[in-house]
Amino acid sequence: MSMDFGAPADDPKVFRNICRDRILKDLLKPDKDKETKSSWKVLIMDKFTVKIMGYACKMAEITDAGISLVEDLFKRREPMPSMDAIYFLQPLKENVIMLLSDMSGRCPLYRKAYIFFSSPIPKELVTYIKNDSSVIPRIGALREMNLEFFTIDMQGFVTDHDTALIDLYGPSDNSKVFNDTITTMATRIATTFASLKEFPTVRYRAPKGDASTTTKFDMVPKWLATAVWDIVSKYKSTIPEFPQKETCELLIVDRPIDQIAPVIHEWTYDAMCHDLLEMDGTKYIYEVSKAGSDPEQKEAVLEDHDPLWLELRHAHIADASERLYEKMNTFVSKNKAAQLSRDGGEVSTRDLQKIVQALPQYSDQVEKLTLHIEIAGKINRFIREYGLRDIGQLEQDLVFGDAGAKEVISILRSKQDMSPENKLRLLIIYAIVYPEKFEGDKGDKLMQLAKLPHDDMDVIKCLRYLEGSDLKKSSRTGTFSLKFDAQKKKNAARTEKQDGEETWALSRFFPLIEELIEKLSKGELPLKEYPSMGEPSSAPQGTTQTASTAGPAQNPAPMSMRSRRTPTWAKSKNSGDSQSSDSSVLRHSSGDFKRLGNRIFVFMIGGATRSELRTVHKLTMKMKREIVLGSSSIDDPPQFISKMKSIGSANNK
C-alpha cells in the first residue's frame, strides 16, 4: 500500500514551469540539434545566477540536461579542454573579464563557450568580447536569457531586493540607492515578461496628492511602473515573437496599501511555520532519535517538491493537523507491521519511527508524515503556550470593527506573559484601525501599559513612512497622527466578506490585494486610483470574461472536522466543517487558464506576505485565471518588524 499525498503540478504552461523549461531546454541544451546523448558540459555561474538556478531547477534536472559539473566563475577551476562550457552570468564587466580569461590565449579552459546573460548586455561589453580575436571562434552562442528573477513558488517570484522597504521608504536621502533599486527592480520584473513572451498592460497605485504635495515615497509605484513599461515596450522590437499587443495585466502596488497583512497572525500551516518556527528560509532543522545512538539533526526543505507540504500549506493549522492524523491512522490501519507498533489506540511520533524501521519500502513516505506531524504538533504547542487564540481573536475583531480600546487594554493587563513582539504586533494593528488613539501622548501611555520600550513606539510612527508622510516634520511640531486610507466607518479596516464560504474561526482576515485582483479581473478597478501606463492597444483578452462567462470554480466537498482532535476554538461559529485547502489549485484544474482569461500579475513593492501568496492561489481557482504574485521579497512578521525598526533607527540618527 502507499499513502496518497497528491503530486505537484506539472503543467508546462504554469508560470514556474515555463521558467524551469527555459533553463533546461534553451540554456542547458544550446546545441541540442547537434549533440548526442553522451555529450556532457560544464555549467559556470556567478553568485546571482546560482540563486536563479537554485530556485528554478533541481540538481537532478540539471544533470539530466547533460551537465556533469557545476562551477563558480570566481573559483579556481581545472582545465577541461575536451569539454564545452555553458556560462550563465549577469552582464557585469568583472564577469566578462573572467570569461575572457577562461577562453582566450593558446590554452583555453574549455573547448567551446556557450554564453548566456541573465539580462541585456551593454554594448560596450559586447565590444569588449569582440575585441579578443582568440575568443570569438570559441564562442558557440552569445545570448540574452532575460531571466533575472527567483521563482519562489508555482505562482510567485521575488526580485531579491530584501532591503527595498528601507531603501525606498526609509529616511535616507541617498538618491543613488533609491534610483538603483527602482532601476534594477524594473529590469528584473521585465525579464519575467520576456521569459513568458507576455506584453502586459501596466497599472499602478496612483500618488494621493498633487505634484506639489506628493512625497517621493508616494511616487514609488508610478516610477517603477514607468520603468517597467519602458523596458517591456522595447521588447516588441528586440525580442523575436514578442507580442505587439497587450496579452496580460500587471498591477504594481506597494506595502502602504495594506499595513496589517505583514503583522497579523495568519493561521495557515505555511504562515504558522514561518512565523513560529526558527526556519532558515524554507529549511527546517529537527532531531531524529535512533535506538542506541544520540539524536541526529536533520534538515527538511518545505517546498513544492514535497507533495504533503503542497497539500497542507494553505490549510488552517487545525485542518492540517487533523488531515495528518487521518493519514497516519489510515496508514496504520492498512498495515500489519505498523499495527504492531501501537500502544493502545494512539500512534506517537516515536511509534512512526519504529514503523520506518519495520517498513523500509515506505520509509520516505512515513518519514515525511512523521516530519509534518512533529511540525504541526510543535505549532499547536506554541499556540497554547503563547495564548495565541485570544490574541488572534482580538486582532481579527479589531480589523473588522468588533473590538476597541476596552478589549486592547484588558488583554494587555490580563496577559502579563504575552511576548513583547506579540504586544507590538497587536498595537500596530490597533494604531492602524484607531489612529486617533495614538495622537499626542496617548501612544506612549499604551506602550507603558504594554511595558514596551520607547523604541517600539518608533515602529508605529514609522508606519507613516509607508504612507509617504514627513515624519521629521511631524516630530518637530510635537504632533502625531496616522492618516491611513482604511475605511473608518465603525473603525474597521476590512469589510466582512459575504461569499458564502465556510471558514475556520480566526480566518476572517484577508489581504487587500484580494479585492484589488477581483476588481481588476472584472474590469472594475478605478483608473483614477490605479492608472494605466500608455494607451493599451486593446483590452487584454479575458479582462472581463471572468465576470460574465467564467464562473467561480466549484468548491471541493468540505472535509468533516468534528473529530475530538479538532480544537473547539478553531471551528467556525457557523460550521463544523473546514474550508478546503487551495494549495494544489493547478493540480486539480485543467491547467490551461489561457483559454479562460489571460494572466494577472501583481507586484508588491516592499515585501509581500504569505497570506498574499496564498491569495493568488485561492483566486486562481476561484476565477479560473492564473494569477502570479511578484515582490521585492517575501517577509514574515518578525522580518517586517525588524525592517521597520531599521527605518526608525535611521530616522533617529
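## Terms and basis

Two strands are taken to pair if DSSP finds at least two bridges between them. Helices (H or I, at least four residues) and strands (E, at least two) are DSSP runs, numbered from the N terminus.

The model is predicted, so local features need pLDDT of at least 70 and side-chain atom pairs count only at pLDDT 80 or more, whereas totals for chains, interfaces and linings use all residues. Residues are numbered from 1 along each chain as its sequence is written, and side-chain values use heavy atoms, with hydrogens and water left out.

## The six-strand sheet

Six strands form an open sheet with mixed pairing, in the order S6-S7-S13-S12-S9-S8. Because strand S6 (150-153) and strand S8 (200-204) stand at the edges with a single partner strand each, one side of each has no neighbour in the sheet. From one strand to the next, the twist averages 25°; axes are lines fitted to C-alpha atoms, for helices over the stretch in contact, and angles run from 0 to 180 degrees between N-to-C directions.

Within this sheet, strand S12 (residues 600-605) and strand S13 (residues 627-631) run parallel and are joined by five bridges. Ile600 has Ile627 in S13 as its bridge partner. Helix H1 (residues 15-27) packs on the sheet and touches S6, strand S7 (156-158), S12 and S13, contact meaning heavy atoms within 4.5 Å. The direction of H1 makes about 140° with that of S6.

Strand S3 (residues 84-89) is mostly covered, with six of its six residues buried; buried means under 20% relative accessible area, exposed over 50%, and partly exposed in between (1.4 Å probe, protein chains only). Asp84, Ile86 and Phe88 point one way from S3, while Ala85, Tyr87 and Leu89 point the other way.

S3 runs parallel to strand S1 (residues 41-45), with five bridges joining them, and Met45 has Phe88 as its bridge partner. Five bridges also join S3 to strand S4 (residues 113-117), again in parallel, and Phe88 stands opposite Phe116 in S4. The chain passes from S3 to S4 through helix H4 (residues 93-103) in a right-handed β-α-β crossover, that is, with the strands pointing away from the viewer, the path from the first strand over the helix to the second runs clockwise.

## Helix H17

Twelve of the 14 residues of helix H17 are buried, including Leu424, Ile428 and Tyr430. Among the elements covering these buried residues are helix H9 (269-276), helix H16 (405-414) and helix H25 (637-651).
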